[in-house]
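Here is a short tour of a protein chain for you to follow with the structure open beside the text. Take a moment to turn the view around before reading on.

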Amino acid sequence: MKRWMDGYCRMLDFLMAGALAVMVAMVFGNVVLRYAFNTGITVSEEVSRWLFVWLTFLGAVVAMKDHGHLGVDMLVSRLPDAGKKACVVIGQVLMLWVCWLVFSGSWDQAWLNRDVPAPTTGWSMGAFYFVGVVFAVSAAVFLLYDLWRVLSGQLQGDALVMVKDSEETAEFDALQARLAEEDRLAAQGRNAASGAAPGPEAGKR
């Protein structure tokens, strides 16, 4: 499951990078054409707006998976594990309810506007609203996965605090986790090397 989620988020990263590149090219190109040649790309503004909306929602999905959304952990971080679990479960259930609201509203709008063309491109406006459906389904899957990990006891201690007060705190915690993992791998390498090295008695024989 985690491998599938990681692959899905990597795909979203590529899509967001492509969308951002297209946005920059179209907006910058439109400015150059307008001021240098007194012309422009007709669909530039509309396509850029659509890409920006999709980019925002897809980025929110990736942040949901990485627990990158900011929150207030001043109280939760001081609770015992039982209190942290209770807060996580309540929070996940509430967010699942919000995902349902986003899903139902976006689905209704996408269905109602499926035959409504966009003013410039002529694309279906249903595709514009469908990003809410993609976000709601993806976020709900990640929330259910985290909820299952909490209820099955896979998350303990500080891992139960799934929000951070600031981006600096989140980056610092990620750096600490990476350094701890590097130290663990280095210790394993040293143990393996010492176990494989022949002792003095083996050299005499």
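How many residues does α2 have, and how far does α2 reach from its first C-alpha to its last? This is a predicted model, so please read every value below as computed from it. In that model α2 has 22 residues and reaches 31 Å from first to last C-alpha, which is close to the 32 Å expected at 1.5 Å a residue.

**The chain as a whole**

Stepping back, the protein chain holds 6 helices and 0 strands. Read from the N terminus, the order of its elements is α-α-α-α-α-α. Of the 205 residues in the chain, 29% are buried.

**How α1 meets α2**

Now let us return to α2 and its partner. Helix α1 spans residues 2-37 and helix α2 spans residues 44-65; the two pack at an angle of about 155 degrees, with 9 Å between their axes. An angle over 145 degrees counts as roughly antiparallel, and α1 and α2 are therefore roughly antiparallel to each other. The crossing of α1 past α2 is left-handed. The residues of this contact divide into 18 nonpolar, 4 polar and 3 charged.

**Two positive phi values**

Most residues other than glycine have a negative phi. Against that background, two residues of this model are worth a look. N38 is found in the loop between α1 and α2, and its phi is positive, near 55 degrees. H67 follows α2 and also has a positive phi, near 55 degrees.

Is N38 buried or exposed? Residues over 50% relative accessible area count as exposed, and N38, with a value of 72%, is therefore exposed. A82, which lies in helix α3 (residues 81-112), is likewise exposed, at 59%. The table sets these two residues side by side.

| Residue | Location | Relative accessible area |
|---|---|---|
| N38 | loop between α1 and α2 | 72% |
| A82 | helix α3 (residues 81-112) | 59% |

One last thing to find on A82 is its position relative to Q156. How many residues apart in sequence are A82 and Q156, and how far apart are they in space? They are 74 residues apart along the sequence, while their C-alpha atoms are 9.5 Å apart in space.

Conventions: Residues numbered from 1 in each chain as written. Predicted model: local features only at pLDDT ≥ 70, side-chain atom pairs only at ≥ 80, totals over all residues. Heavy atoms only, no water. Axes fitted to C-alpha atoms, helices over the stretch in contact; angles between N-to-C directions. Helix = DSSP H or I, 4+ residues; strand = E, 2+ residues; numbered from the N terminus. Parallel < 35°, antiparallel > 145°, perpendicular 65-115°, else oblique. Left-handed = near helix turned anticlockwise from the far one by under 90°. Nonpolar A, V, L, I, M, F, W, Y, C, P; charged D, E, K, R; others polar. Expected span 1.5 Å × (residues − 1). Buried < 20%, exposed > 50% of the residue type's maximum accessible area, 1.4 Å probe, protein only.
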